[in-house]
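I opened the notebook with two topics to look up.

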Amino acid sequence: MSYTVDFTNVSTTGLESSPVADALAGLRANEARYFKNKYDHDFTVVPASEAQETIDWVHRILKEERDLVISSTPLEASAFQVENIRMTYVFYENGLSINVMYTVDDGGKRAVGFKLSDGMEVPEELAAQFKFARQKSKLAGTIRGSYFVIKNEY
């Protein structure tokens, strides 16, 4: 069952099992606000059990590009296209959010972004390869983020 994320009244719906559910809900709401303001797109998520193909695609990119395997359990995912950009999100139980920005045009920008919920530790599998910059968010507190550019076709 899909859930349209409300960034006005932040809810932990679908994220309750996370030890940082409130912060992860704020992070998810922060993304929803961005897409509503920039593209007039309603950010909708589905439970991980309904999004295996989406999650597998993200995990394939992580494995093939950087030999990364995320140890936390996926809770929710979202996949949509705005303009010529395919956007995919996976929200994990430990508070991690991974997004893939994949421009469908040849030669466009393609990258994987990592965002850490306020209060979570940097996952062991990411700590050695990435430095995380901090940004403040009214919805999510302090967000730490990093990214890498995708080199191959997916």
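I read the elements of the protein chain from the N terminus on as β-α-β-α-β-β-β-β-α-β-β. I count 3 helices and 8 strands, taking DSSP runs of H or I with at least four residues as helices and of E with at least two as strands. This is a predicted model, where local features need pLDDT of at least 70, side-chain atom pairs count only at 80 or more, and totals for chains, interfaces and linings use all residues. Residues are numbered from 1 along each chain, and side-chain values use heavy atoms, without hydrogens and water.

I looked up burial next. Buried residues make up 49% of the 154 residues (buried is under 20% relative accessible area, with a 1.4 Å probe and protein chains only).

I checked contacts (heavy atoms within 4.5 Å). Of those with a separation of 6 or more, 56% join residues 24 or more positions apart.

I then turned to the largest pocket. A pocket is an open set of points on a 1 Å grid over the protein atoms alone, where a 1.4 Å probe fits, with protein on both sides within 12 Å along at least five of seven lines. Its volume, the space filled by probe spheres set on the points, is about 510 Å³.

I found 23 residues lining the largest pocket (an atom within 4 Å of a point). E31, M87, Y89, N99 and K115 lie nearest its centre. Among the elements that each supply at least two lining residues are α1 (21-39), β4 (85-92) and β5 (96-103).

Notes. Buried < 20%, exposed > 50% of the residue type's maximum accessible area, 1.4 Å probe, protein only.
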